[in-house]
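Please look through the structure below and follow the explanation that comes after it, one region at a time.

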2 protein chains.
Amino acid sequence: MIDPHSGVPSYHQVADRIRAQIDAGELAPGEYLLTEPAMEHVFGVGRATVRRAIDILRNEGRVVTTRRGTQVRERQPRVAEVVMGPGVRATTRMPSDLEKRAMSLGPGVPVFVVERPGQEPEVLPGDRVALVGHDEQGEGGSTSS
Amino acid sequence: MIDPHSGVPSYHQVADRIRAQIDAGELAPGEYLLTEPAMEHVFGVGRATVRRAIDILRNEGRVVTTRRGTQVRERQPRVAEVVMGPGVRATTRMPSDLEKRAMSLGPGVPVFVVERPGQEPEVLPGDRVALVGHDEQGEGGSTSS
DNA sequence: CGGTATTTGTCCGTATGTATA
DNA sequence: GTATACATACGGACAAATACC
């Protein structure tokens, strides 16, 4: 299954395998992956390798892990749209730890940074917000749920 | 220095310490952090803990690691602005592995997904692109360098 | 050009703690 | 109460890239 001497790191191969299963729909959103000990056995690798692989998928925002196990992340509905009025500028980056806690962001979830002229930059959760261009001379920046 | 019994995980404390140094400017962009063995000694923790801490900062996009060591990430200039015309919608997420390679994205760098009516979604590097609202009835979507 | 030292990368094993079922 | 499963943390070993002399 996993070849440690193929040039590609084992944890990478394991992550690729699981990612493929998710993309193929074999692992549906909400469904639990195998447990870590089970993966050790199935893939023939050590615990650290399994955990590293899961780490990758977590940092890609594709799975979430609780004490019960690791499950495929449910798609988050975008509950808010931010209108990009004239002069508004938006960038994206990963949140700091503080921001993560403040906005209850899962791992692997980036944030939007929206800058309006003469105002402090606003940091918004990247998994629940979408940015949209304004229609006409919109006032710019209203957050509609 | 690091208290393993404070409730906060050691790797977390180490990451916080380094992050604070970066934010305070004690570690300037481009500058190398201590080597991993040096950190082991300074913080009094094992290598796994040190590496885990650096992992966090990498996934936050704050440091980059090469075989020479780990250095504070240089600020990336935004070389492209995408105009958000009417009907244009943008979201953000972490890139897949393929996208990462295709766009030469470092770790901890998210992507923009820009959707225009009747077109395929466009994936843009989150560290070099900014989204801006259009002034008047802009054509929407021109990428100016 | 070659060799050595440094530094990170990969991988394994073990142990303990803690939340959940 | 017991068993399961993940979280944290330590340690060691070897490989591979890089820098320096």
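Predicted model: local features only at pLDDT ≥ 70, side-chain atom pairs only at ≥ 80, totals over all residues.

**Contacts with the DNA**

A base nitrogen of DNA strand D has a polar side-chain atom of Arg67(B) at 3.1 Å. The surface near DNA strand D takes two or more residues from each of several elements: helix H2 (36-43), helix H3 (47-59) and strand S1 (63-66) of chain A, and helix H1 (10-23) and helix H3 (47-59) of chain B. H3(B) gives the largest share of this surface, four residues.

In total, DNA strand D is surrounded by 20 residues, and the closest are Arg51(A), Ser10(B), Tyr11(B), Gly46(B) and Thr49(B). Two of these can be followed down to single atoms. The side chain of Arg51(A) has an N or O atom 2.9 Å from a phosphate oxygen of DNA strand D. Which parts of DNA strand D do the atoms within 4 Å of the protein belong to? Sugar or phosphate holds 81% of them, and the rest belong to bases. Sorted by class, the residues of the surface near DNA strand D are eight charged, seven polar and five nonpolar.

Now turn to the other strand. DNA strand C is surrounded by 20 residues, of which the closest are Ser10(A), Tyr11(A), Thr49(A), Arg68(A) and Arg51(B). Of the atoms of DNA strand C that come within 4 Å of the protein, 77% are accounted for by sugar and phosphate. One phosphate oxygen of DNA strand C is 2.3 Å from an N or O atom in the side chain of Thr49(A). Another contact to a phosphate oxygen of DNA strand C comes from Arg51(B), with a polar side-chain atom at 2.9 Å. Arg67(A) contacts a base: an N or O atom in its side chain is 3.3 Å from a base oxygen of DNA strand C.

The elements that supply two or more residues to the surface near DNA strand C are helix H1 (10-23) and H3 of chain A, along with helix H2 (36-43), H3 and strand S1 (63-66) of chain B. The largest share, three residues, is from H3(A). By class, this surface near DNA strand C has eight charged, seven polar and five nonpolar residues.

**Domains and a buried residue**

Chain A has two domains, with domain 1 covering 10-72 and domain 2 covering 80-133. Taken over C-alpha atoms, the centres of domain 1 of chain A and domain 2 of chain A are 29 Å apart.

Leu33(A) lies in the loop between H1 and H2 of chain A. Is Leu33(A) buried or exposed? It counts as buried, because its relative accessibility is 9%, and the limit for buried is under 20%. Beyond its neighbours within four places in sequence, Leu33(A) is in contact with Ile18(A), Leu27(A), Met39(A), Val63(A), Thr70(A), Gln71(A) and Val72(A). One of these, Val72(A), is 39 residues from Leu33(A) in sequence, while the C-alpha atoms of the two are 7.4 Å apart in space.

**Where the two chains meet**

The size of an interface is often given as the accessible area lost when the parts come together. Between them, chain A and chain B bury about 2600 Å², with 49% of it on carbon and sulfur atoms. In chain B, the residues that lose the most area to chain A are Arg89(B), Thr92(B) and Met94(B), together 20% of what that side buries. The contact involves 33 residues from chain A and 31 residues from chain B.

Arg89(B) also takes part in a polar contact of 2.6 Å, side chain to side chain, with Glu81(A). Glu81(A) belongs to strand S3 (residues 80-84) of chain A, and it is partly exposed, with a relative accessible area of 28%.

**A backbone angle to note**

Most residues other than glycine have a negative phi. Ser104(A), which is not a glycine, has a positive phi of about 50°. This residue is in the loop between helix H4 (97-102) and strand S5 (111-115) of chain A. Ser104(A) counts as exposed, at 58% relative accessibility. In chain B, Ser104(B) has a positive phi near 55°. Ser104(B) is in the loop between helix H4 (97-102) and strand S5 (111-115) of chain B, and it counts as exposed at 59% relative accessibility.

Note on methods: Residues numbered from 1 in each chain as written. Chains lettered and ligands numbered in written order. Heavy atoms only, no water. Domains from an automatic or database assignment. Near = heavy atom within 4 Å. Polar contact = N/O pair within 3.5 Å; in protein donor to acceptor, adjacent residues only side chain to side chain. Nonpolar A, V, L, I, M, F, W, Y, C, P; charged D, E, K, R; others polar. Buried < 20%, exposed > 50% of the residue type's maximum accessible area, 1.4 Å probe, protein only. Contact = heavy atoms within 4.5 Å. Buried area = accessible area lost by both parts, 1.4 Å probe.
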